[in-house]
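Subject: Structure handover, with notes on what was found

Dear colleague,

I am passing on the structure we spoke about, and the notes below set out what was found in it. Please have the sequence and the model open side by side while you read.

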Amino acid sequence: MDEANIQQINNTLQFYDYAVFGYMAAFVIYAVHVFFARHPRVGQIAATVLGAAWVLQTVFLVKRTIFYYHQHNGFVLPSTNMFEVMNYFVWLSVPIYLMMEWKLIKTRLFGAFALFVPLLMLAFNARSMSMDPGAADPRELFPSLKSYWLWIHVSCMILSYAILALGAIFALLYILRSLRVVNLERFSSKFSLRDLDRTSYRMVLFGFPILTLGIFLGAVWADSAWGRYWGWDPKEVWALIIWLIYLGYIHFRMMGWVGYKPALINMLGFATVLMTFWGVNILASVFNLNSIHAYSAGGESKADLYFLGVLGLLALIPIVMLFLPSPSADTLAAELEEDDEIVPDIRRRISGGGSGSSDGLHPSPPGRSPQPPADSSQN
Amino acid sequence: MAAHKTWGPFNFLWKWLNSLPIAIYVMLLLALLNALGTILPQEHLVGGMSNLPIDQQYIQKYGQQRWEIIRLLGLHHIYFTPLFFLSLVWLCVSATVCNITRYKRTMREWKTPAVKRGPGFYRADRRGIEFDVEPDADAAGVASLLREQGFRVHEETDDKGARCIYGDRGFMQRWAMVVLHVAVLVLLFGGIYGSIFGNKGNVRMADGEKKTLTLDIAAGKHPLVKWFLDDLPKRNYELSQDTFRIDYGRKLILPTVLQNDEEFSPEFQEYSHYFVKDYVSTLTAERNGTTVSSEVIVNHPLVIDKLMLFQSGYEQNGFLSMSRDGEVTEELVPADMWLCIVTDTSGAPALARAEDNRGQTDKVFLLEKVKAGDLYIDNKLDRHLGPMTVAHVQNMMTNELEDVMLDTEQGFTVSVNGRNVQVRLSERIQNFSIFSYKRDPGMPVLYLGWILMIVGIGAALYIPFHKVHVRVERNEAMLLVSGVRGGGLKGLKKRIHAILTAG
């Protein structure tokens, strides 16, 4: 019985391994595309390799779903342990990025950056598998997980995390660019502050409603499984923290904040996503918390504690940076000047600009634009 | 912001409650307090982890001095501290004030939008443009264009004879913002209403047991609300646990840590293969002549007269059988305790704590949880499992530790006062089904709040709202187009400009 199962599981894992190689190859080609060879053909090759790797991962996911179907006599989303959840995250991230590449940003220059978080997930899986060869094995299902809510709730949450991760990458690029750590704009005008800021905000606008829906559906599930929709469980609390931070972010944008400071809040939000996704499991282990979400328990090893520390730093750094002076306020203000769409009919304040003219209020002198206005709606 | 012009404490408070930055900072403070609650273990989460009293558990972990600080600041139940409560109250009141202001403003914008705007309005916004036009510029043509484009158009002439046109499109987005903020209040109302007028708790029932569950709404409530709940009638529900069973499954693959480590004996590995797959009660509930009977499993509660009974847990207890010279005694197996066998006053073998009876016996042992129930493999009933467990037996003479599989036939022998006692498991099993029950009249309100919130968020973020202001005065025109790019806004500025400057 066990031998047959192990064989079957190993067979399905082959596709996962191929997919991982595919993702790594796509990452390298994307990196070559942005840094060395900006010919569109290179970008096309990268996207094709990425798509092919995703297809291989889909085969793995389908095979494992079929395996679970036979074991449990029904559909079970392969998300019963951390390995499978990470795998699912990557599987959702890739098509979102490809769609974004095709429809929203219309360039393949961001591929290497966008694949950073998915590759981090795959690296985490590789580390887990090296420490415990059984980390990728399917697990038995807890009674509370035997519900159609499993795939609905998990899908919404992971989808929102994947979208917010992409938003955070653009926010990070914005911060690096504005701090002049890297001058990305020399690669392409697509790396302008305006585009980075706008794309980052759009991803949050896309991910936030899905996050809200995911939390709501989780509450509905908790209510039907345990008779309470909210129990101050660490995972629930951290999901609420994510929600509150992104809610704050959206409100700041509504107030007219654009640019550097919202990018920092976006990064803070994503640090809490990582904390919810990974950190809470480690917290529960370290502090012996009786979490009802402990399906994928973390460890108490030194590496896990260091990792927890890194997550803490990821949250702390944006908070500290928020209170430090913003970089090159004038340049940022000038670059964001042309942006017409982010905040409808609300006066904007260019972050770091303070008050006065740099807060974005530019009275138009009489007869300022006697010529027909440029169409600000064109990209 | 509220448009209160007079100064006074009320207006000052109103302004603060209406302040978006303050609301955001309170949100971030709440997020911080929430985070703190997951870094410091909270009382309600550590409670069941040890047999020690809660304060002792904290002292063990943090030391007396730190525990005093934690207790003083209430960090061990942060979600119930005055600061957390005040932050929540601030957000609730702020949301209410914000709603009132937002509703009034939206209604005003909807019914009587500000059409007549002076030149200062256009000049204060960097998106505003000014250009020369002929005296007979076609303002009516602009209005027609806007109507064609789906704008709601208002036209007026101001005191200076300037033709003012205002158009907006996607006003639903504005209402969605109102709905979204109302949803927060609906959610809070649902939660508070449910916690005041609802009941929840646990009931533990043995196989075949009957119980009367009495719901007293006032029980356990805060004195602030208890006084008016005391007079409400109590509700009785007759519960009957017809059957209860615990089904087991066999793990597909044993976790690697158990498979490879020599520390784990084959007996323990075999024992570890079996896991609780389901626990299922057949429960009958009756109230006021209405009887409901159903199979209750996790995710499938029984509902009767708005009371929901959830299968939230189970207890499975085994009995140890100790036989000596044909005389058999049975005792319930205590959990997580090193045991030994002694003789009681009548000379019969009895279980005792090992640490209280050192030197009286040659072996002490620790028992894993007893497992017993139907075993399913590949979703098919395979056989009846157990009762079974593993005993970690330590020989006090040699200090050797061995794992012994214990069931109704296999066991081990202990020497007590020079006479051998055979230890194995009894056929007897005591199962308890644990139900969480809940009667929460706030649930429909909560669901309504959630739905409003999700619809509100979707509409507020995805319906594009566009506004166009045009002012045509003799030889000059002013134009301000605002809103999210796309959604048909493309080129609108150019087209309006073209109409007005067409000669």
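In chain A, the loop between α10 (302–322) and α11 (329–336) is where A:F323 lies. Please keep in mind throughout that this is a predicted model. A:F323 counts as exposed, because its relative accessible area is 71% and the cut-off for that class is over 50%. A:F323 also belongs to a nonpolar surface patch of about 680 Å², which is made together with A:L313, A:L316, A:I317, A:I319, A:V320 and A:L324.

**Chain A as a whole**

Chain A contains 11 helices and two strands, and, read from the N terminus, its elements follow the order α-α-α-α-α-α-α-α-β-α-α-α-β. Of the 379 residues in chain A, 60% are buried.

Two helix pairs in chain A can be described in some detail. The crossing in which α3(A) passes α5(A) is left-handed.

In the second pair, the axes of α6(A) and helix α9 (residues 260–286) come within 8 Å and cross at roughly 140 degrees. What does that angle make of their relative orientation? α6(A) and α9(A) are therefore oblique to each other, and their crossing is left-handed.

A:A47 and A:S285 are separated by 238 residues in sequence and by 40 Å in space, taken from C-alpha to C-alpha. A:A47 is found in helix α2 (residues 40–72) of chain A, and A:A47 is buried, given a relative accessible area of 12%.

**Salt bridges**

Over all chains, the structure holds 29 salt bridges. One of them joins the side chains of A:K146 and B:D278, with a distance of 3.3 Å from N to O. This pair crosses between chains, running from the loop between α5 and α6 (149–178) of chain A, where A:K146 sits, to strand β7 (residues 274–287) of chain B, where B:D278 sits. Are the two partners buried or exposed? A:K146 is partly exposed, with a relative accessible area of 26%, whereas B:D278 is buried, because its value of 15% falls under the 20% cut-off.

Within chain B, B:K211 and B:E209 form a salt bridge in which the closest N and O atoms are 3.9 Å apart.

**Backbone angles**

As background for the last two points, most residues other than glycine have a negative phi. A:W232, which is not a glycine, has a positive phi near 55 degrees, and A:W232 is found in the loop between α7 (193–226) and α8 (234–254) of chain A.

Which residue of chain B has a positive phi although it is not a glycine? That residue is B:N399, with a phi of about 65 degrees, and its place is the loop between β16 (380–395) and β17 (401–406) of chain B. B:N399 is exposed, its relative accessible area being 54%.

Technical notes. Residues numbered from 1 in each chain as written. Chains lettered and ligands numbered in written order. Predicted model: local features only at pLDDT ≥ 70, side-chain atom pairs only at ≥ 80, totals over all residues. Heavy atoms only, no water. Patch = residues over 30% accessible without salt bridge, like charges linked within 9 Å, V, L, I, M, F, W, Y side chains within 5 Å. Areas by Shrake-Rupley, 256 points an atom, 1.4 Å probe, with all protein chains shown as cover. Salt bridge = Lys/Arg side-chain N within 4 Å of Asp/Glu carboxyl O. Helix = DSSP H or I, 4+ residues; strand = E, 2+ residues; numbered from the N terminus. Buried < 20%, exposed > 50% of the residue type's maximum accessible area, 1.4 Å probe, protein only. Left-handed = near helix turned anticlockwise from the far one by under 90°. Axes fitted to C-alpha atoms, helices over the stretch in contact; angles between N-to-C directions. Parallel < 35°, antiparallel > 145°, perpendicular 65-115°, else oblique.
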